[in-house]
Amino acid sequence: MINLLDFNKTGLIHFCEEMGEKPYRARQLLRWVHRFGKTEFIEMSDLAKTFRQKLMERAVVHPPEIISDHTAGDGTRKWLLSTGTGNAVEMVFIPEPNRGTLCVSSQVGCALACSFCSTGRQGFNRNLSVAEIIGQLWWANRLLEGQVGELFSPDVAQIRADNTDTRRPVTNVVMMGMGEPLANFENVVTALDLMLSDDAYGLSRRRVTVSTSGLVPALDRLRERCPVALAVSLHAPNDALRDQLVPINKKYPIRDLLAACERYLPAAPRDFITFEYVMLRDVNDSIALARELVQVVRNIPCKLNLIPFNTFAGSGYERSNTDAIDNFRDVLMQAGIVTTVRKTRGDDIAAACGQLAGQVKDKTRRTGTCGSGRAVVTG
């Protein structure tokens with residue numbers, strides 16, 4: 001049976017044509033499956049009975065199974081989703097007064113071995129399918145349906161309630177969960193197509209963000225195929241330190257990465273790149289490194305997002321203290337670089353940045369290392 005969640009509009013058109021149906025049927029299916037969240041073809045009332053019968057014989061709408069559901073004291077919600085054969089991934093929803101952000105995973109584990117993140121500690125198993133990626137957004141909208149009034153400020157909730165196309169609680173998606181999105185390029189881009197489609201989720205390119213540790217060739221491909229907002233996990237201002245923290249830097253050093261960022265900007269929906277910088281005590285948080293970082297990024301329109309490190313067992317790192325973070329931020333801001341310190345959300349349920357781990361049957365047999373999966377928290 002074919003899972004329709006694996007198809008964007010182009011894929012659904014081909015599927016419908018193979019069954020002898022007109023291309024417009026793909027638009028109808030997109031709306032029923034993604035906008036209205038239907039899984040039973042018999043409920044898709046504007047489809048011909050003969051077409052519904054064909055669908056029942058050949059296709060399913062099957063999102064990943066939810067294993068657990070936890071809500072933090074600050075309202076952050078984390079789900080564990082089964083990906084079969086004993087594996088599972090996590091997704092996180094972060095509510096704020098004016099938006100609801102869903103952090104989506106793209107891989108079961110991660111192979112990039114960033115030294116400060118828990119996701120890859122379990123190694124890497126496989127890429128997620130399109131259905132497993134978009135299924136996270138499908139589930140979040142279903143599970144949070146009817147809570148717009150509780151999740152948003154009264155004025156925003158009223159605006160969204162008055163518009164049938166904006167009643168869905170997820171307003172922003174960030175590809176910052178488990179895995180490196182650009183290492184699962186085709187499936188991630190197909191899922192992005194669905195997120196952006198007016199017949200599916202209708203999200204703006206500005207409200208969909210892909211975070212990468214620096215896969216330069218794939219970043220160039222993303223610029224050509226589906227330019228959305230971009231966040232780059234930088235974490236160090238020089239190659240010697242970044243080689244230790246983000247090993248992919250040995251293949252694509254900072255100079256090459258920043259050149260790719262410059263190439264990306266003309267196609268980007270925003271006029272800046274976000275650089276993420278996790279704050280590690282006595283590792284990358286000195287004033288000298290802040291000044292070096294200013295010199296590295298000053299010629300690229302950018303925003304710096306400083307992320308207080310969220311600890312996990314055996315990490316070997318500590319969070320920078322508040323004064324160190326503030327002093328680091330001040331150096332950047334005095335240089336005219338827009339800088340924010342991300343507020344930690346969901347750490348009491350291990351849903352904060354760098355804490356996502358899921359359940360991974362490691363095929364890499366890697367031990368004692370950590371991956372690059374990143375759960376977003378806002379601030």
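Good morning, colleagues. I begin with confidence. The average pLDDT of the protein is 88, and 85% of the residues score at least 70. One stretch calls for caution: over residues 367-379 the pLDDT is below 50, although this stretch has 79 contacts in the model beyond near neighbours in sequence. Where pLDDT is low, predicted coordinates should not be read in detail.

I turn next to the sheet. Ten strands form an open sheet with mixed pairing, in the order 3-4-5-6-9-10-11-12-13-14. Its edges are strand 3, residues 66-71, and strand 14, residues 338-341, each of which pairs on one side only. From one strand to the next, the twist averages 20°. Within the sheet, strand 9 (residues 172-175) and strand 10 (residues 208-212) pair in the parallel sense over three bridges. In that pairing, V173 of the chain stands opposite V208 in strand 10. Helix 12 packs on the sheet, where it touches strand 12, strand 13 (302-308) and strand 14. The direction of helix 12 makes about 175° with that of strand 13.

Let me now consider the aromatic residues. How many aromatic pairs does a search of the whole structure find? The search finds six. One of them joins W138 and W139: the ring centres are 5.3 Å apart and the planes stand at 85°, which is over the 60 degrees required, so the pair is edge-to-face. W138 counts as buried because its relative accessibility is 4%.

A second example involves Y277 and F328. Their ring centres are 5.0 Å apart, and their planes lie at 35°, so this pair is tilted.

Finally, I come to charged groups over rings. The charged end of R142 sits over the ring of W138, 5.5 Å from the ring centre.

Thank you for your attention.

How values were computed:
Residues are numbered from 1 along each chain as its sequence is written. This is a predicted model: local features need pLDDT of at least 70, side-chain atom pairs count only at pLDDT 80 or more; totals for chains, interfaces and linings use all residues. Side-chain values use heavy atoms; hydrogens and water are left out. Rings of Phe, Tyr and Trp (its six-membered ring) pair if their centres lie within 6.5 Å; planes under 30 degrees apart count as stacked, over 60 as edge-to-face and the rest as tilted. Buried means under 20% relative accessible area, exposed over 50%, partly exposed in between (1.4 Å probe, protein chains only). A charge sits over a ring if NZ of Lys or CZ of Arg is within 6 Å of the ring centre and within 35 degrees of the ring normal. Two strands pair if DSSP finds at least two bridges between them. Helices (H or I, at least four residues) and strands (E, at least two) are DSSP runs, numbered from the N terminus. Axes are lines fitted to C-alpha atoms, for helices over the stretch in contact, and angles run from 0 to 180 degrees between N-to-C directions. Contact means heavy atoms within 4.5 Å. pLDDT is the predictor's confidence in each residue, from 0 to 100.
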